[in-house]
Amino acid sequence: MAGCAIWFVGLPGSGKSSIARCVAQVLEQRGLPVRYLEMDARRKAYFPNPQYTTKERRQAYDLFVSEAAQLVEQGHVVIMDGSAPKRSMREAARKQIPVFAEMLVRCPVRTAMEREASRPAGKVMADLYAKALERKRTGRQFKGLGQVIGVDVQFEDNTNAEFVLENGEITKEEACQRVLAFLDTWLHNA
Ligand SMILES: Nc1ncnc2c1ncn2[C@@H]1O[C@H](COP(=O)(O)OS(=O)(=O)O)[C@@H](OP(=O)(O)O)[C@H]1O
Ligand SMILES: Nc1ncnc2c1ncn2[C@@H]1O[C@H](COP(=O)(O)OP(=O)(O)O)[C@@H](O)[C@H]1O
């Protein structure tokens, strides 16, 4: 099988990482040569002191897509996990990667905010949305807080994505099952 890339995009807190990890694990168990590429981890390799500005985000996504394209060329099944707020970021991947699926994880911004607020502290700053909203409302500055997607930067939808997951009212397990059902056919035809 030739390599391919499957990119989970969506608002912070929409559920990308939870679903991408579950899918990566299942595909790996099936013996596929999976590579999991996570933007938050890669960003720190590209920019050791990230500022989350518009310019830096664009550069980070260019590097992310190049890295994925290289791994695909080597024959890997690359699971990409990164918000990719601009459609052009995903288009760049579609242009460079012959077998590519944009997996749009969609949920109301209110739900994404609730999920982000209640998830355990991880690699990125906690309470991104709450801080960004407070900054917008009051002008208060938070050290290290850049442009937050969903508040300062619009997330661009794409009804033409290879797969759109309505992830507002289902469990993680159900979300993973729906994605795998799509991928079974998609990978078969890839
Ligand atoms: N300090 C700070 N300021 C502004 N923005 C920040 C900050 N920390 C993380 N981020 C960005 O917010 C996005 C959150 O990532 P996600 O929740 O979608 O992904 S993840 O599950 O945490 O990997 C995701 O956006 P992008 O990576 O640019 O797409 C994070 O990188
Ligand atoms: N249907 C769902 N899909 C994915 N995550 C969910 C779902 N319902 C609740 N969650 C929870 O919401 C949070 C989503 O966070 P995460 O997967 O890190 O999102 P993202 O990678 O898009 O920022 C996690 O704590 C997860 O357990």
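This is a predicted model: local features need pLDDT of at least 70, side-chain atom pairs count only at pLDDT 80 or more; totals for chains, interfaces and linings use all residues.
**Aromatic rings**

A pair of aromatic rings is described by the distance of the centres and the angle of the planes. A search of the whole structure finds 5 aromatic pairs. One of them joins W7 to F100 in an edge-to-face arrangement, with 6.4 Å from centre to centre and 75° between the planes. W7 belongs to strand β1 (residues 4-9) and F100 to strand β4 (residues 100-106), so this pair ties together parts that lie 93 residues apart in sequence. Both partners are assigned to the buried class: W7 has a relative accessible area of 0%, and F100 has a relative accessibility of 6%. Because buried means under 20% relative accessible area, the value of 6% places F100 in that class. Ring pairs also link W7 and F100 with Y61 and F64 into a cluster.

**Helix contacts**

| Helix pair | Distance between axes | Angle between axes |
|---|---|---|
| α1 (residues 16-29) and α7 (residues 172-189) | within 9 Å | roughly 50° |
| α2 (residues 39-46) and α3 (residues 54-73) | 10 Å | about 105° |

The axes of α1 and α7 cross at roughly 50°, and the two helices are therefore oblique to each other. The crossing of α1 and α7 is right-handed. On the α1 side, the contact is made by S18, I19, C22, V23, V26 and L27, while α7 contributes K172, A175, C176, V179, L180, L183 and L187. Sorted by class, the contact of α1 with α7 comprises 11 nonpolar, 1 polar and 1 charged residues.

For α2 and α3, the angle is about 105°, which makes α2 roughly perpendicular to α3. Here M39, R42, R43 and Y46 of α2 meet E56, R57, A60, Y61, L63, F64 and E67 of α3. By class, the contact of α2 with α3 has 6 nonpolar and 5 charged residues, and no polar ones. Two residues on the α3 side, Y61 and F64, are also members of the ring cluster.

**A buried glutamate**

Is E38 buried or exposed? E38 lies in strand β2 (residues 34-38). With a relative accessibility of 13%, E38 counts as buried, because the limit for that class is under 20%. Which residues does E38 contact, leaving aside its neighbours within four places in sequence? E38 is in contact with R21, F64, D81 and K123. Among them, F64 also takes part in the ring cluster and in the contact between α2 and α3.

Technical notes
Residues are numbered from 1 along each chain as its sequence is written. Chains are lettered from A and ligands numbered from 1 in the order in which they are written. Side-chain values use heavy atoms; hydrogens and water are left out. Rings of Phe, Tyr and Trp (its six-membered ring) pair if their centres lie within 6.5 Å; planes under 30 degrees apart count as stacked, over 60 as edge-to-face and the rest as tilted. Helices (H or I, at least four residues) and strands (E, at least two) are DSSP runs, numbered from the N terminus. Buried means under 20% relative accessible area, exposed over 50%, partly exposed in between (1.4 Å probe, protein chains only). Axes are lines fitted to C-alpha atoms, for helices over the stretch in contact, and angles run from 0 to 180 degrees between N-to-C directions. Angles under 35 degrees count as roughly parallel, over 145 as roughly antiparallel, 65 to 115 as roughly perpendicular and the rest as oblique. A crossing is left-handed if the near helix is turned anticlockwise from the far one by less than a right angle, and right-handed if clockwise. Contact means heavy atoms within 4.5 Å. Ala, Val, Leu, Ile, Met, Phe, Trp, Tyr, Cys and Pro count as nonpolar, Asp, Glu, Lys and Arg as charged, and the others, Gly among them, as polar.
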